[in-house]
Amino acid sequence: MVQAWLIYSIALYARGEQEKAQEAFSHSTEIAFELGMNRWEFASTSQSDSSTEAESIRRTWWELYITDIFMAVQLKNITFRCSGVTPEVGLPCEDSVYAAGSDVPAPRRMLDFKRRVFAEEETVFSSFSYRIEAATILCRVLVLNRLRDYHRDHLQAIENALVSWVNHLPPKKLDIVDSYGNVDEMMFQAHLTISYAAMLLHLPRSDLQPLLAQPDDRFWPSATCHLSSTFTRLVHSIKATEASRRISDSISVCPNIQKHSPFVISALALCGMIQLATSISHSEECFDHHCNRVTLILGCLKSTKRTWNSAESAYHCLRSSAADILSDSIERWNAGPLEKIVPSQSTPNDLERTAQGAPAVTTIAEGQSLLAPELAPAFIDPTCYNASFFNCLAEFDIN
């Protein structure tokens with residue numbers, strides 16, 4: 001029943017039925033607490049004959065924990081049910097071990113996971129474990145954004161946690177795909193959650209927010225008026241934009257949103273809105289860069305809205321904003337002079353074709369750099385934050 005109500009609540013959330021989703025999730029958590037699923041010994045004692053069934057119970061509790069946090073993102077008043085109790089339940093194992101149906105190893109404790117940063121030798125935990133920590137950091141961001149008053153060290157502590165999460169990842173957890181193209185869904189969601197948390201933390205404290213007229217508050221984060229910070233608004237803007245870039249990069253690797261959790265929809269919507277706001281504050285030299293990222297997010301939301309109503313509202317919100325902001329720039333770029341396309345070498349045939357009104361043929365010799373200055377304006381989109389000082393996450397390497 002806990003699992004059934006949990007899945008039902010997530011489906012209702014994805015349909016945009018927030019109140020019903022909260023009611024269904026409350027049913028799930030009430031039964032879970034009545035059973036004692038939040039205690040360490042519950043899974044092993046109730047399923048002493050099957051390590052796989054015991055693992056299923058542990059994974060169910062941690063999904064309750066993560067869902068509790070994500071459902072609170074769009075709520076004005078938040079009351080955490082599962083994430084507010086001591087994390088006693090054993091950490092889940094790797095998905096591949098669980099899916100194999102063989103004996104599941106003894107679970108590891110959350111305390112051991114937290115102590116890993118002080119270990120002499122690096123210890124690798126399951127991808128699910130890093131996803132749980134990412135959700136915990138997101139929870140800290142939500143709480144901070146709702147405080148009326150706080151010290152700037154409180155904000156800095158969460159920023160330190162965001163950066164530390166990445167820096168303490170083992171090398172094998174930095175990538176979301178393996179050499180065969182298989183996506184580690186738990187690490188995909190973990191990386192996306194960290195970037196989402198960074199956007200929610202930095203955007204309200206940046207100078208990007210006033211650039212979009214009346215943004216949809218379902219996706220645009222709110223914060224109290226007191227925004228004490230160790231950073232300037234410019235730095236917050238850069239960090240918010242960098243986080244949105246990481247989300248669009250991740251989704252470009254595995255763009256089929258229907259294979260992911262519906263909770264990625266709100267992160268994608270905010271990612272697109274930040275890219276729109278950044279396109280206003282930046283020069284038009286990197287317009288295509290931001291436009292391409294917005295187009296990517298719109299395409300993902302467009303395909304997903306056929307299934308989930310929440311994706312439809314996110315799509316229309318982003319599409320209408322993009323139409324207002326990008327249309328004029330697209331028109332100017334489309335009307336750019338053809339003289340920007342300068343052939344690398346001119347031949348008599350090229351001159352003859354030009355005299356007849358036909359464009360000259362541009363050729364690229366074998367081994368010639370694609371970043372040749374004469375070709376860049378026409379064929380290569382200018383980059384933006386390509387080597388940003390604020391980017392703490394290594395580029396994805398899928399070769």
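Cys254 is buried, with a relative accessible area of 8%. Cys254 takes part in no disulfide, since the nearest cysteine sulfur, that of Cys300, is 9.4 Å away. A disulfide requires the two sulfur atoms to be within 2.5 Å. This structure is a predicted model, and the count of disulfides in it comes to zero. Another cysteine, Cys82, is also buried, with a relative accessible area of 1%.

## The nonpolar core

The largest nonpolar core has 100 residues. Within this core, the residues with the most contacts are Trp62, Leu142 and Trp165. Helix H9, which covers residues 185-202, gives the most to the core, with twelve residues. In soluble globular proteins, nonpolar side chains tend to be buried together.

Which residues does Trp165 contact, leaving aside its neighbours within four places in sequence? One group consists of Tyr130, Glu133, Ala134 and Ile137.

Helix H7 runs through residues 127-145. At 1.5 Å a residue, its 19 residues should span 27 Å, and the end C-alpha atoms are 28 Å apart, which agrees. H7 is mostly covered, as 15 of its 19 residues are buried.

Helix H9 has 18 residues and reaches 26 Å from its first C-alpha to its last, close to the 26 Å expected at 1.5 Å a residue. Of the 18 residues of H9, 18 are buried, so this helix is largely enclosed by the rest of the structure. Helix H11 also has 18 residues, and the distance from its first C-alpha to its last is 26 Å, close to the expected 26 Å. H11 is mostly covered, with 16 of its 18 residues buried.

## Aromatic pairs

How many aromatic pairs does the model contain? The count comes to seven. In one of them, Phe33 and Trp61 are arranged edge-to-face, at 5.6 Å centre to centre and with 80° between the planes. This pair links distant parts of the chain: Phe33 belongs to helix H2 (residues 18-35) and Trp61 to helix H4 (residues 51-71), and the two are 28 residues apart. Phe33 is partly exposed, with a relative accessible area of 30%, whereas Trp61 counts as buried at 2% relative accessibility.

Phe70 and Phe263 form a stacked pair, with 5.2 Å centre to centre and 25° between the planes. These residues are 193 places apart in the chain: Phe70 is in helix H4, and Phe263 is in the loop between helix H10 (233-253) and helix H11 (264-281). Both Phe70 and Phe263 are buried. Ring pairs also join Tyr13 with Phe70 and Phe263 in a cluster.

## Arginines over rings

Two arginines are placed over aromatic faces. Arg109 lies over the face of Trp40, at 3.7 Å from the ring centre. Arg116 lies over the face of Phe113, at 3.9 Å from the ring centre.

## Individual residues within helices

Thr60 is found in helix H4. Is Thr60 buried or exposed? At 7% relative accessibility, Thr60 counts as buried, because the cut-off for a buried residue is under 20%. Apart from neighbours within four places in sequence, Thr60 is in contact with Val2, Gln3, Leu6 and Met37.

Ser321 is part of helix H13 (residues 309-334) and is buried, with a relative accessible area of 17%. Ser321 and Leu276 are 45 residues apart in sequence, while their C-alpha atoms are 7.9 Å apart in space. When neighbours within four places in sequence are left aside, Ser321 is in contact with Met273 and Leu276.

Ala243 has its place in helix H10 and counts as buried at 0% relative accessibility. Ala243 and Ser195 are 48 residues apart in sequence and 4.9 Å apart in space, C-alpha to C-alpha. Ala243 touches Ser195, Ala198 and Met199, not counting residues up to four places away in sequence.

Technical notes. Residues are numbered from 1 along each chain as its sequence is written. This is a predicted model: local features need pLDDT of at least 70, side-chain atom pairs count only at pLDDT 80 or more; totals for chains, interfaces and linings use all residues. Side-chain values use heavy atoms; hydrogens and water are left out. Helices (H or I, at least four residues) and strands (E, at least two) are DSSP runs, numbered from the N terminus. The expected span of a helix is 1.5 Å times one less than its number of residues. Buried means under 20% relative accessible area, exposed over 50%, partly exposed in between (1.4 Å probe, protein chains only). A nonpolar core is a set of buried Ala, Val, Leu, Ile, Met, Phe, Trp, Tyr and Cys residues joined through side-chain atoms within 4.5 Å. Contact means heavy atoms within 4.5 Å. Rings of Phe, Tyr and Trp (its six-membered ring) pair if their centres lie within 6.5 Å; planes under 30 degrees apart count as stacked, over 60 as edge-to-face and the rest as tilted. A charge sits over a ring if NZ of Lys or CZ of Arg is within 6 Å of the ring centre and within 35 degrees of the ring normal.
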